[in-house]
Amino acid sequence: MEGNNNEPVLKVNGLNVFYERFQAVKDVAFEVRAGEIFGLLGPNGAGKTSSLSSVEGLIKPRSGEIIVAGFNTKDKPLHARANMGVQLQSTSFQPELHVGEIIQLFAGIHAVPMPDDTLRAILDTIKLEDAVGKKFSELSGGQQQRVSLTVALLHNPKLVILDEPTTGLDPQSRRQLWERMEDLRAKGHAILLTTHSMEEAEAVCDRIAIIDHGRVIATDTPQALVEKHRNDPEVIAASRKGKITLEDVFIGLTGKEVRS
């Protein structure tokens with residue numbers, strides 16, 4: 001798979017999501033290109049999860065258009081889903097299943113051949129060559145995330161969705177996952193990342209969109225957002241170290257109030 005930064009693998013236009021009378025997402029629009037890590041950031045309850053769930057096909061938006069690898073999710077939902085790999089924040093694998101069984105199970109779902117030598121090669125690549133017979137529940141958090149991401153990538157999807165993938169990981173595991181993301185980007189995958197870590201967004205994202213109260217309020221590279229808003233009074237007030245960071249910009253744009 002070769003990257004092309006001009007090719008939008010994911011297009012979201014005019015997305016509107018309602019829960020009965022409450023509108024959670026309001027005319028959200030963004031694109032994720034091949035060979036790009038795109039961060040979707042927002043406080044709790046801002047509409048981030050509803051937007052992500054719409055892309056994944058877990059909820060049905062009231063209106064709007066979502067196109068994955070050229071397939072409209074309304075007209076060709078299975079084609080769109082086949083081009084998507086999703087790593088959730090919390091995995092739903094049966095804890096008693098062994099690592100090898102999990103990979104073989106999802107390989108079968110995606111019709112991906114998984115002979116023993118291929119399975120061994122995969123586990124060797126993710127540094128779990130001795131874990132084929134281990135139960136998923138026996139793995140550390142970082143090891144579970146490696147298995148989860150491997151499962152999401154088995155069918156070589158054009159779009160990879162990572163929902164807060166480094167939550168609860170130690171610094172070493174987090175850095176390893178960042179390197180894995182950068183490797184995926186280099187291979188031309190489009191990556192949609194959600195995270196509460198501004199350090200993570202600043203370190204790995206090519207572009208980010210900040211969403212609040214259901215609307216996208218800013219989209220640009222992390223560096224460009226810092227430069228654009230460094231003199232905003234709210235951003236300056238949020239700064240604690242003198243040097244303006246992406247976190248300062250995020251708080252300046254979305255407010256200091258803690259969201260439930």
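The model is predicted: local features need pLDDT of at least 70, side-chain atom pairs count only at pLDDT 80 or more, and totals for chains, interfaces and linings use all residues. Residues are numbered from 1 along each chain as its sequence is written, and side-chain values use heavy atoms, with hydrogens and water left out. Helices (H or I, at least four residues) and strands (E, at least two) are DSSP runs, numbered from the N terminus.

**Four-stranded sheet**

- Four strands form an open sheet in the order β2-β1-β4-β5, and the pairing is antiparallel. Two strands pair if DSSP finds at least two bridges between them.
- The edges are β2 (22–33) and β5 (71–72), each of which pairs on one side only.
- Eight bridges link β1 (residues 8–19) to β2 in the antiparallel sense. Lysine 11 has glutamate 31 in β2 as its bridge partner.
- Helix α1 (residues 48–56) packs on this sheet and touches β1, β2 and β4 (63–68). Contact means heavy atoms within 4.5 Å.
- The direction of α1 makes about 120° with that of β1. Axes are lines fitted to C-alpha atoms, for helices over the stretch in contact, and angles run from 0 to 180 degrees between N-to-C directions.

**Helix α1 and serine 53**

- Eight of the nine residues of α1 are buried. Buried means under 20% relative accessible area, exposed over 50%, and partly exposed in between (1.4 Å probe, protein chains only).
- The buried residues of α1 include Lys48, Leu52, Val55 and Glu56.
- Serine 53 sits in α1. It counts as buried because its relative accessibility is 14%.
- Not counting residues up to four places away in sequence, serine 53 touches Leu58 and Ile59.
- Glycine 57 follows α1 and has a positive phi, near 85°.

**Six-stranded sheet**

- A second open sheet has six strands, ordered β6-β7-β8-β3-β9-β10, with mixed pairing.
- β6 (84–87) and β10 (215–220) are the edge strands; each has a single partner strand, so one side of each lacks a neighbour in the sheet.
- From one strand to the next, the twist averages 20°.
- Strands β7 (residues 159–163) and β8 (residues 190–194) run parallel and are joined by five bridges. Isoleucine 161 has leucine 192 in β8 as its bridge partner.
- Helix α10 (residues 246–254) lies across β3 (36–41), β9 and β10, at about 30° to β9.

**Aspartate 206**

- Aspartate 206 lies in the loop between α7 (198–204) and β9 (207–212).
- Its relative accessible area is 29%, so aspartate 206 is partly exposed.
- Leaving aside neighbours within four places in sequence, aspartate 206 contacts Gly35, Glu36, Ile37, Arg185, Thr221 and Pro222.
- A polar side-chain atom of aspartate 206 lies 2.8 Å from the backbone nitrogen of isoleucine 37.
- Aspartate 220 is 14 residues away along the chain from aspartate 206, with 8.4 Å between the C-alpha atoms.

**Helix pair α3 and α4**

- The axes of α3 (residues 99–109) and α4 (residues 116–125) come within 11 Å and cross at roughly 115°.
- The two helices are therefore roughly perpendicular (65 to 115 degrees; under 35 counts as roughly parallel, over 145 as roughly antiparallel, and the rest as oblique).
- Val99, Gly100, Ile103 and Gln104 of α3 meet Asp116, Leu119, Ile122 and Leu123 of α4.

Terms used
Polar contact = N/O pair within 3.5 Å; in protein donor to acceptor, adjacent residues only side chain to side chain.
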